[in-house]
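User: I am new to this structure and would like to learn how to read it. Please take me through it feature by feature.

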Amino acid sequence: MIARRDLLLVCAVLSIGIGIGHVATAHSGPPVQESALFDWGAISAKPTGVGELRQFMRGRTATLDELEIHATTLNPGQTSHAPHKHPNEELVILASGKLEAMSNGNTRQLGPGSVIFNASNQLHSVRNVGDVPATYHVINWTSSGRARSDTSSMKASP
């Protein structure tokens with residue numbers, strides 16, 4: 001016959017085991033992105049309706065729910081998409097060409113080396129106003145608790 005004390009001990013051990021299992025499950029999921037080097041020539045360019053897209057990475061990091069980095073090349077006269085907004089923040093760095101950028105009601109023409117910061121939930125867009133393709137790098141990040149709602153931004157963003 002099992003003593004009451006032994007039964008309580010078994011229940012306590014099982015409770016601890018179940019609790020540990022829940023902790024492990026809470027931390028499981030996609031692996032955390034480690035440091036990486038991305039060679040421009042090694043990333044294939046995928047055609048879009050308005051230019052092309054090079055996807056460098058998209059995943060979880062040690063401090064972010066998601067970090068997404070890509071480069072868009074936008075053909076002359078084209079816009080990546082209609083003005084939009086999303087909860088994640090976004091940094092755009094113009095490598096070459098000329099863009100007309102709209103961010104939170106401000107519109108300006110920008111050249112190579114220019115930087116655009118699009119804050120959370122503020123309307124933004126870009127349009128190539130030059131005679132040659134414009135290439136820009138986009139860095140999107142989503143921090144804990146800020147669910148990404150705009151999954152269409154991968155077409156040819158920002």
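**Reading the chain**

Analyst: Of the 158 residues in the chain, 35% are buried. Buried means under 20% relative accessible area, exposed means over 50%, and partly exposed lies in between (1.4 Å probe, protein chains only). This is a predicted model, where local features need pLDDT of at least 70, side-chain atom pairs count only at pLDDT 80 or more, and totals for chains, interfaces and linings use all residues. Residues are numbered from 1 along each chain as its sequence is written, and side-chain values use heavy atoms, with hydrogens and water left out.

User: How do I read a nonpolar core, and which residues make up the largest one?

Analyst: A nonpolar core is a set of buried Ala, Val, Leu, Ile, Met, Phe, Trp, Tyr and Cys residues joined through side-chain atoms within 4.5 Å. The largest one has twelve residues: Val50, Leu74, Val92, Leu94, Leu99, Ala101, Leu110, Ile116, Val126, Ala134, Tyr136 and Val138. E9 gives the largest share, three residues.

User: What lines the largest pocket?

Analyst: First, the method. On a 1 Å grid over the protein atoms alone, a pocket is an open set of points where a 1.4 Å probe fits, with protein on both sides within 12 Å along at least five of seven lines; lining residues have an atom within 4 Å of a point. The lining here is Ala101, Ser103, Asn106, Thr107, Arg108, Leu110, Val115, Ile116 and Phe117. E5, E6 and E7 each give two or more residues to this lining. E6 provides the largest share, four residues. The pocket holds about 150 Å³ of space. That volume is the space filled by probe spheres set on the points, which are joined across faces, edges and corners.

User: What is the phi of Asn104, and where does Asn104 sit?

Analyst: Most residues other than glycine have a negative phi. Asn104 has a positive phi of about 55 degrees although it is not a glycine. Asn104 sits in the loop between E5 and strand E6 (106–110). Its relative accessible area is 44%, so Asn104 is partly exposed.

User: What about Asn121?

Analyst: Asn121 is not a glycine either, and its phi is positive, about 60 degrees. It lies in the loop between strands E7 (115–118) and E8 (124–128).

User: Which residues does Pro76 touch?

Analyst: Contact means heavy atoms within 4.5 Å. Leaving out residues up to four places away in sequence, Pro76 touches Asn128, Gly130, Asp131, Val132 and Pro133. Pro76 lies in the loop between strand E3 (66–74) and E4. The C-alpha atoms of Pro76 and Ala134 are separated by 7.3 Å, though these residues are 58 apart along the chain.
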